Amino acid sequence: MSAQPPDMPPAPHPGWISGKARLAGVIGHPVSHSRSPRLHSFWLARHAIDGAYLPLAVNPDDLVAVLHALPRMGFRGVNLTLPHKQLAMAMVDHLDPAARAIGAVNTLVFDDAHGIAGYNTDGYGFGAALAAGGPGRDAAAPALVLGAGGAARAVVHALATAGCAEIRIANRGAARAAALAADLAPHLPGCRLVVVDWRQRGDALDGCGTLVNTTSLGLAGQPPLEMALDMAGPGLVVSDIVYDPLDTALLVAARARGLVAVDGLGMLLHQAVPGFEHWFGLRPVVDDALRRHVAADLIGD
């Protein structure tokens, strides 16, 4: 038998899943695009855990019935992706403060004693990826966040809780940016949230330590993000949560100016850590082998 490539997890042995297997999964509609099964299966194999992580395609109309049924079927919990992140908030028994502030849940933990607990680990995942990719970043310096959707809410929450004193929010629809700032401000008393005109986003970089794109601009099949970096200081860290492609035009432009650039794959990998620990009883590590394994799926698209 030939040896496995070093980047791949160990292959499951015969009879891998027993009647005592721990079960988790990801619920979406659709769900076939999700990289989470590939990600979690890597960790399950690496740590020889008797368990499985399954993609579950669930229509929004069936979500309540499914969430009540899964714990009875032995599931320890699930991740949630579109369009379920907001819908599930009303269905949990215990809501984590971060999820309450962000307004969405992406991780559910089933517990016989306490019911369903809901968490949002997107903010954690972004913060962990940013810390790993830009370890010298000035976390207290102002930040500019592009976008005002669900991902932007998680990013703003993560930046503020990490010590950012001022976050500038620019969105193509100013009303949505204003609504985000109004919603999050009561939860982030130590941080000033400022809405800036989308057309002035380049000027809003002045004095910033972090720039984050949370919009779909630059995503494969979407229009590019046009962003002038002339006002960028030498210590600016540029992050793009888009991970398809990994090297967006924004990140290429940032590197060309000698700036630190952090791609979106790290956020995807790190946000999975807390859920895996809850469901399978072991805190996994995000490392280069995992990154290459998941990135290979992106390259194959």
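## The largest cavity

In this predicted model, the lining of the largest cavity is made up of Phe126, Ala129, Leu130, Ser239, Asp240, Ile241, Val262, Asp263, Gly264 and Met267. The volume of this cavity is about 40 Å³, and the structure holds 1 cavity of 30 Å³ or more.

Two elements, helix H4 (122-133) and strand E11, each contribute at least two residues to the lining of the largest cavity, and the largest share, 3 residues, is that of H4. Sorted by class, the lining of the largest cavity comprises 6 nonpolar, 2 polar and 2 charged residues.

## The largest pocket

The largest pocket has a volume of about 1,200 Å³, and 38 residues line it, with Thr81, Leu82, Lys85, Ala151 and Ile241 lying nearest its centre. Strand E3 (75-80), helix H5 (150-161) and helix H8 (265-271) are the elements that give two or more residues to this lining.

The class composition of the pocket lining is 14 nonpolar, 18 polar and 6 charged residues.

## Packing of H4 against H5

Two packed helices are described by the angle between their axes and the distance between the axes. For H4 and H5, the axes come within 8 Å and cross at roughly 60 degrees; the two helices are therefore oblique to each other, and H4 passes H5 in a right-handed crossing.

On the H4 side, Asp122, Gly123, Phe126, Gly127 and Leu130 meet Ala154, Val155, Ala158 and Leu159 of H5. This contact has 6 nonpolar, 2 polar and 1 charged residues by class.

## Packing of H1 against H9

Helix H1 (residues 36-46) packs with helix H9 (residues 273-280) at an angle of about 50 degrees, their axes being 11 Å apart. H1 and H9 are therefore oblique to each other, and their crossing is right-handed.

His40, Trp43 and Leu44 of H1 make the contact together with Val273, Phe276, Trp279 and Phe280 of H9. By class, the contact of H1 with H9 has 6 nonpolar residues, 1 polar residue and no charged residues.

## Backbone geometry in the loops

Most residues other than glycine have a negative phi, and most peptide bonds are trans. Against that background, the bond between leucine 82 and proline 83 is a cis peptide bond, with omega about 5 degrees, and proline 83 sits in the loop between E3 and strand E4 (94-95).

Alanine 48, although not a glycine, has a positive phi of about 50 degrees, and its place is in the loop between H1 and strand E2 (51-57).

How values were computed
Residues are numbered from 1 along each chain as its sequence is written. This is a predicted model: local features need pLDDT of at least 70, side-chain atom pairs count only at pLDDT 80 or more; totals for chains, interfaces and linings use all residues. Side-chain values use heavy atoms; hydrogens and water are left out. Axes are lines fitted to C-alpha atoms, for helices over the stretch in contact, and angles run from 0 to 180 degrees between N-to-C directions. Helices (H or I, at least four residues) and strands (E, at least two) are DSSP runs, numbered from the N terminus. Angles under 35 degrees count as roughly parallel, over 145 as roughly antiparallel, 65 to 115 as roughly perpendicular and the rest as oblique. A crossing is left-handed if the near helix is turned anticlockwise from the far one by less than a right angle, and right-handed if clockwise. Contact means heavy atoms within 4.5 Å. Ala, Val, Leu, Ile, Met, Phe, Trp, Tyr, Cys and Pro count as nonpolar, Asp, Glu, Lys and Arg as charged, and the others, Gly among them, as polar. On a 1 Å grid over the protein atoms alone, a cavity is a set of points where a 1.4 Å probe fits but cannot get out, and a pocket is an open set with protein on both sides within 12 Å along at least five of seven lines; lining residues have an atom within 4 Å of a point. Grid points are joined across faces, edges and corners, and a volume is the space filled by probe spheres set on the points.
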